[in-house]
Amino acid sequence: MISYIIPTLFKSENIYTTINRFCEIEDNNAELIIINNSDIDYKSDDPRVKSLKMPKNIYVNPAWNLGVHCSTNDKVCLVNDDILFDIKKFHYFALDSKASAIGVNNNDHCSIDSTFYQLREIHDKNARPPGLGQLILIEKKNWIQLPDDMKIYYGDDIIYYYHTLILDIPFYYIKGMSITGDQSTSISSLPANMTKPFNQDTLEYHKMMHTLGLNACTVFPMELKRAWKFDDIDQKITFEKLMNNIINNG
């Protein structure tokens, strides 16, 4: 069975659609755990929907840790609060597929839901596909505790590489499954210091990867993406210096 985990600030209306669609699932063992990081009081009439109100925003990675800890099923599914997808159709397909790890692969994006879903393996173990963190389903027994001080970024990277490179468990995606909605609704409201490259999250990520004995990473802050897009040589050099400092002195 599956426990769905959604950290939220209730900044996107799409979360209410996801909750309503979850309630249509005819599976008494399914559960939806909402990690409520907002000041909004939310309660559902469906006993399978459990809202955990936080005294303050604990951010997404600690919220994932908490949700997995509180889950009661053998599978956990991390879901962004701003996406839209057919959670009922996904639920039964994922259970029938018996796949140990499923995520989103924006390299094969689908904006209109297909009649039939197809399970496709993500073959590159060393490159976490774009969009994976929007929806991740894994076995609870394979969860790896994310660093407490890594608040927002890189959680999906660690989950992906821990599965593909440490546990030798391949990730799959569902071809034909539409995922739409908003993008990064909560991140857009973050304090400026948490959106800069090489903040505490980056350091914690590199420390975690080093602890796991891995050197694979996909550290591409938005500033670096813009530097490559607009051929900003100065920013590229700054990035290389910061990366060198983290690797050699971090």
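Predicted model: local features only at pLDDT ≥ 70, side-chain atom pairs only at ≥ 80, totals over all residues.
**Notebook: salt bridges and a cavity**

I started with charged pairs and came away with nine salt bridges. The reason for looking is simple: side chains of opposite charge can pair when their charged atoms come close.

**Entry one: Arg48 and Asp46**

I checked this pair before moving on to the others. The side chains of Arg48 and Asp46 form a salt bridge, with N to O at 2.9 Å.

**Entry two: Glu139 and Lys75**

Next I looked up Glu139, which makes a salt bridge with Lys75; their closest N and O atoms sit 2.9 Å apart. Which parts does this pair tie together? Glu139 belongs to strand β8 (residues 135-139) and Lys75 to strand β4 (residues 75-79), so the bridge links parts that are 64 residues apart in sequence. Glu139 has 14% relative accessibility, so I put it down as buried, the cut-off being under 20%. Lys75 has a relative accessible area of 7% and is buried as well.

My next stop was Asp157, which forms a salt bridge with Arg128, and here the closest N and O atoms are 3.3 Å apart. I placed Asp157 in helix α4 (residues 155-166) and Arg128 in the loop between β7 (118-121) and β8, so this pair ties together parts that are 29 residues apart in sequence. Asp157 is buried, and Arg128 is too. I also followed the shared partners: salt bridges join Arg128, Asp156 and Asp157 into one network.

Then I turned to empty space. Rolling a probe the size of a water molecule over the atoms shows where such space is left. How many cavities of 30 Å³ or more does a search of the whole structure find? I got one. The largest cavity holds about 120 Å³ of space.

I wanted to know what surrounds it. The largest cavity is lined by 13 residues, and those closest to its centre are Val104, Asn105, Asp108, Ile174 and Met177. Which strand gives the most to this lining? My note says strand β9 (residues 172-175), which supplies three residues. Sorting the lining of the largest cavity by type, I wrote down six nonpolar residues, five polar ones and two charged ones.

Methods. Residues numbered from 1 in each chain as written. Heavy atoms only, no water. Salt bridge = Lys/Arg side-chain N within 4 Å of Asp/Glu carboxyl O. Helix = DSSP H or I, 4+ residues; strand = E, 2+ residues; numbered from the N terminus. Buried < 20%, exposed > 50% of the residue type's maximum accessible area, 1.4 Å probe, protein only. 1 Å grid on protein atoms, 1.4 Å probe; cavity = no way out; pocket = protein on both sides within 12 Å on 5 of 7 lines; lining within 4 Å. Points joined across faces, edges and corners; volume = space filled by probe spheres on them. Nonpolar A, V, L, I, M, F, W, Y, C, P; charged D, E, K, R; others polar.
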